Every structure is written in C-alpha cells, then in structure tokens.
Amino acid sequence: MGEPLLTVKNLKKYFQKPKGVLHAVDDVSFTIEAGKTLGIVGESGCGKTTIGRTLLRLIEPTSGQIIFDGQDVMKLNKKEMRHMRRHMQFIFQDPFSSLNPRQTIAQTIEEPIVLAGLIPDRDKRFMRVLELMETVGLAERLVNTYPHELDGGRRQRIGIARALAVNPKFIVCDEPVSALDVSIQAQILNLLKKIQRDTGITYIFITHDLSVVNHFSNDIMVMYLGRMIEKAPSEMLFAKPLHPYTRALLSAIPVPRIHNRPERILLRGEISSPIDPEPICRFAARCNEAMEICHCKEPELQEVEPGHFVACHLIDRA
C-alpha cells in the first residue's frame, strides 16, 4: 500500500430546501493512493458530482475533513485554496458549456497558466500551449479555432489540456465521456490512462457506466442517495459484489452474447426521498432481499475483506 494522496473523512453536504434538508452527501469516507484511480458510480442524484465539487471546494462542504497531500483543505482561506487548486483540477461533464465560447483553444489552455503565474514569458507560454495540445491529440492548426467549430471529442480534449496546464497532482473527472460517441469515448479514456502512466497523476472518475469504470479504475465506490454502500478493488467488486444494489447495477451491463447471459435484476418500488431521510436502509424500498431490520435500522459500513467495504444487513445474516 502506498501513501494516500487524498483522505476524506465523514464528508457531508446538505442543502436547505423548502421541504427540509436534502442530504446530497452523507458521511462518506475514503482514501486514494497517489497515481491510482477511484471510480465513483451510481444513479443520477446519488451524490457523485457533489463529492467531486466539494473536494475542490467548488461548493463548500457542510462538514467533514479533506486531507490532500498532507494539508487540511477545509482550513484553507480563499487565497490558499486558489493556490491549492493548482494541484487539484476538474474535468467537467459537458465539454461545450464548460468552455468560454469567446476564447480560442490557445486562450482557453493559456488562461490557467496566466492565472497561476507559472510562465511569465508570452512566447514560452505559447510553446507550452502547443505542447499540451500535442499531449491531448489536438492538431496545431486548430490553435485559433473556437469551441463551436469543433466536435465533442475535440472540445473534451481542450478541457483535459486546460486541466493539465498547471501540472496538477489530482484531477476529478466528472463523467468526461458520457456526452461523447462510443468510439470517441475509447479515445478519451485511453488518453487519460496514458497521461496517468506518463505523469503519475491521481484521478477520481465519476460515472454511471460500470463497464467503463471497470477498465479505468483501481478501486470502485458505489453510491446510493448520498451514502457509500460498497467500495472494493475493481476486480473484487466485479467478481464478488455483496450489496444488492451493486449486483443490480452489474446485471444491467450489456453482454455481447446470446446464450448464457446473466439474469437481469429489476429494481421495483419508489426511490426514497433524500430530504430528511429516516435512519433506515435507504435502498430497502427497492431491495428484493430486504428484511424487517432494513426498515428499522441503517446499516453500518463494514470491512468484510481487506479493502472490501459494504453497508448491508445481509452481511450480518451471512
């Protein structure tokens, strides 16, 4: 085991709504080793993106502790946090809305370098922009084009180049391929893996697609309504999923064969409200294996095997 680059303890993010308090992220803890990738999966609204944004304090956490490279991110003031973001970057889901339509590719990639004061000389800065474009597979002839002139794959490559411009140690990738065609998705994923091999960068990879995260992540964390319900090394999670929700997600992955397909697990019932949730299992209303205790008590996260954590009453029964 290497040293953790990022340690998150009891992270919470609540939003005050007219009907009550929405528990977007509720008491989530995890660590990521330097140079590794943590995949975060779950349905829309489970808190995946909120976790990513709170880590960089793009939205302020309600409570918890975020230790990055030995520093408590929660204790930094605005100026210190701005400096910290040189080491922590974000790739947004929609490559078009995350880019300034009035800036060329060169200006977009150059901007974080200027703001961080990394390369004062203008000519050297431009050479760095060309170097980053080459790294992410953008042709030099596109240097003065605008986002609307490019396809989704090239726009996402701009977002990746912009994130890499300040030489970060850590990047949150928020569904970076979900808006792209399948062939382009593979190119972007291979690019991110190559960058990790070359630089040793650390990723959080947020997605709803388990088939993607399996090939990209060292560890996978499954979220449901703001709670972490299972976390394990990628191979272990796919070989031996323990939570009923994880098993249902895995059964939904398309399998390219006609015979011997795994049986699809259908989830029925209403999704529980994340507003002022009761202290019970949040998945119980949709779970085919729910017991009486599931409707009375919230399961605690347990380490059932080295590195394999799960929050489910079925583990106590086994």
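Guide: A salt bridge is a side-chain nitrogen of Lys or Arg within 4 Å of a carboxyl oxygen of Asp or Glu. The model is predicted, so local features need pLDDT of at least 70, side-chain atom pairs need 80 or more, and totals for chains, interfaces and linings use all residues. Residues are numbered from 1 along each chain as its sequence is written, and side-chain values use heavy atoms, without hydrogens and water.

Side chains of opposite charge can pair when their charged atoms come close. The structure holds 12 salt bridges.

Start with Asp69 and Lys169. The closest N and O atoms of this salt bridge are 2.4 Å apart. Asp69 sits in the loop between strand 4 (63–68) and strand 5 (71–72), while Lys169 sits in the loop between helix 5 and strand 7 (170–174). Helices (H or I, at least four residues) and strands (E, at least two) are DSSP runs, numbered from the N terminus. The pair therefore ties together parts that are 100 residues apart in sequence. Now check how open each partner is. Asp69 has a relative accessible area of 41%, so it is partly exposed. On this scale, buried is under 20%, exposed is over 50%, and partly exposed is in between (1.4 Å probe, protein chains only). Lys169, at 36%, also counts as partly exposed.

Next come Arg247 and Glu289. Their salt bridge has its closest N and O atoms 2.5 Å apart. Arg247 belongs to helix 9, and Glu289 to the loop between helix 9 and strand 11 (302–305), so this pair joins parts that are 42 residues apart in sequence. Arg247 is partly exposed, at 25% relative accessible area. Glu289 is partly exposed too, at 33%.

The buried ones are Pro244, Tyr245, Thr246, Ala248, Leu250 and Ser251.

Arg282 is buried, with a relative accessible area of 10%. Glu298 counts as partly exposed, at 23%. Asp26, Arg227, Arg282 and Glu298 are linked in a network of salt bridges.

Leu225 is found in the loop between strand 9 (219–224) and strand 10 (227–233). Its phi is near 45 degrees, a positive value in a residue other than glycine. Leu225 counts as buried, at 10% relative accessibility. Arg57 tells a related story. It lies in the loop between helix 1 (48–55) and strand 4. Arg57 is not a glycine, yet its phi is positive, about 55 degrees. With a relative accessible area of 14%, Arg57 is buried.

One more loop residue is worth a stop. Thr104 is placed between strand 6 (88–91) and helix 3 (105–116). It counts as buried, at 6% relative accessibility. Leaving out residues up to four places away in sequence, Thr104 touches Val143, Asn144, Thr145 and Tyr146. Contact means heavy atoms within 4.5 Å.

Now step from the loops to a strand. Leu6 lies in strand 1 (residues 4–17). Its relative accessible area is 1%, so Leu6 is buried. Leaving out residues up to four places away, its contacts include Phe30, Leu55, Phe68, Phe170 and Ile204. Compare Leu6 with Gly70. They are 64 residues apart in sequence and 8.2 Å apart in space, C-alpha to C-alpha.

Gly153, Gln156, Arg157, Ile160 and Leu164 in helix 5 meet residues of helix 6, among them Ile184, Gln187, Ile188 and Leu191. Leu192 and Ile195 of helix 6 take part as well.
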